[in-house]
Amino acid sequence: MSALTTDVKVLVIGAGAMGSGIAHVAAAAGHPVYLYDTRAEAIERGRDGIARDLRFLVGKGKLGETEAEATLARVVPVTELVAARDAGLAIEAVVEHLEVKQKLFRELEGLLGPGAILATNTSSLSITLIGAALERPERLAGLHFFNPAPRMKLVEIVSGLATERAVADTLYATAKAWGKVPVHASSTPGFIVNRVARPYYGEALRVLAERGAEPATIDAALRESCGFPMGPFELMDLIGHDVNFAVSNSVFDAYFGDKRFTPSLIQQELVAAGRLGRKSGRGFYDYAAGAPRQAPQVEPAHEGVATATVVGEFGPAEPLAARLEAAGIAVERRASAGAGWIEVGGARVALSDGRTATRRAVEEDVADLVLFDLARDYATTPRLTLARADACSEAAWAALVGTLQRAGLEVGRIDDVAGLVGLRTVAMLANEAADAVLQGIASAADVDTAMRYGTNYPQGPLAWADQLGPAFVARVLANLREHYGEERYRISVLLQRVALRPGGRFHAG
Ligand code: NAI
């Protein structure tokens, strides 16, 4: 299916944050654009915003003066919808209100030509439900941009039950021609990104609720060790807790109260107190001028030891052994079946598998047991987060921490929380992603693309599961489920199935 040609006029309805950004994108791609809003001042502000963005790009040398002028000239303000009746594509970005959107699309149906495509930028309403008010719902689809639309690459092309495939395909090709990264999704609450991303906030809030660590320590585990661009608490502070809590509630309600999406009482309290994040000056962090910035917990310096023994296969954490050796620590190897560990100064240290250190110490009959969290790359991670068994001695702990410090690692400690921070978060993201694939919301490739370009995750959750091994991820979730006894950690049946296949992977090759 080919993209709409640039002579097709695009009508953007709603000139707020999203509408003006979308108008910018369509005009930059060469389309004549009508920009409409019920408030004339909003149209003016929207167009001024586009002009400002274009000037910024010219200033940065990313856009020529003439091109910027031509782009702006293509954005034509209209104060009556009827003036845009020759548009071939209408993109709605008005308030997130079902009746308002339905009324608008009914009006557009009567106004635009029969071949015109209708698109909505809704982030939470069902495309099927919006379309139910139309005579021809087959020409309506979701065209879900991310904020800010000119900069964020991802566009979710969302099909309702009645959406014609050709309409979705044309929008896909058009978004691509506009320089975006489109993905197909079917209409379900949160589509791909707003649903699959829930555990990124949810698991961090759970660890905080259990008083496993302070926000800055949890943020550091995900940002510095796992490579996420922002920690969950700083990200929620940026998004605004009112917005983030509303999305969490809407996804929870839309899935009929599925426990996986249970919103957080801690976040509810922040909203109640007006601590909405950066925009109100305070959220998890204090943004007042001169306020001290909460720092992640760092273990004080300890003496290390000169020898370590790697027992068995160390899997993804293998580069840690090389880092110890590079720091002049003599590393011996001892064969053993199954997942391995390192012995340092009497302590046994291993990658978490979703059990607590305290439980594993009992099951493996070793008192001095310490677990470490997931890192995206153990060869380069600057920081490692550890949790120790209740029975672990101070001496063994100090020797281990000192040795890791000798190898150049900053060591953070959290309480003995199952699956620590990074591991349980990535496992739950992969679990949610697997469910979205299972339910036919999107392909594995599109789910991963959506998470990389819609949230800037360092890699897609399913590619991450492939790297760790789906069987390992499934085991982590099984251990979390057993630990908490909660349905929240139930394993996606697709993940279970892929985990059982010999060499099973979500992505081929
Ligand atoms: P906004 O509040 O900045 O802009 C909405 C604009 O729509 C206002 O200028 C308002 O005057 C206008 N409007 C209201 N009713 C109208 C009508 N019947 N006809 C014409 N114009 C009307 O809102 P924002 O943030 O731009 O959101 C717009 C849509 O995009 C919503 O559906 C929202 O869920 C969705 N969205 C928002 C994102 C965000 O991060 N802000 C991200 C992705 C989607």
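A polar contact is a pair of N or O atoms within 3.5 Å; within protein, one must be able to donate a hydrogen and the other to accept it, and residues adjacent in sequence count only if both atoms are side-chain atoms.

| Residue | Distance from its polar side-chain atom to a ligand oxygen atom |
|---|---|
| Lys101 | 2.8 Å |
| Asn121 | 3.0 Å |
| Asn147 | 3.4 Å |

On its own, the ligand has 830 Å² of accessible area, and the protein covers 75% of that. Such areas come from the Shrake-Rupley method with a 1.4 Å probe.

The model is predicted: local features need pLDDT of at least 70, side-chain atom pairs count only at pLDDT 80 or more, and totals for chains, interfaces and linings use all residues. Residues are numbered from 1 along each chain as its sequence is written, and side-chain values use heavy atoms, leaving out hydrogens and water.

What surrounds the ligand? A shell of 22 residues does, and Met18, Asp37, Glu96, Lys101 and Ser123 are the closest. To count as near, a residue needs a heavy atom within 4 Å. The shell holds 10 nonpolar, 8 polar and 4 charged residues. Here Asp, Glu, Lys and Arg count as charged; Ala, Val, Leu, Ile, Met, Phe, Trp, Tyr, Cys and Pro are nonpolar; the others, Gly among them, are polar. At least two shell residues come from each of α1 (17-28), α4 (98-111) and β6 (140-145).

The chain has 20 helices and 15 strands. These are DSSP runs, numbered from the N terminus: helices are H or I with at least four residues, strands E with at least two. The C-alpha atoms fill a box of roughly 80 × 50 × 45 Å along the principal axes.

Two backbone details remain. Asn147 and Pro148 are joined by a cis peptide bond, with omega about -5°. Pro148 lies in the loop between β6 and β7 (154-159). Arg211 has a positive phi, near 55°. Arg211 belongs to the loop between α8 (198-209) and α9 (215-225).
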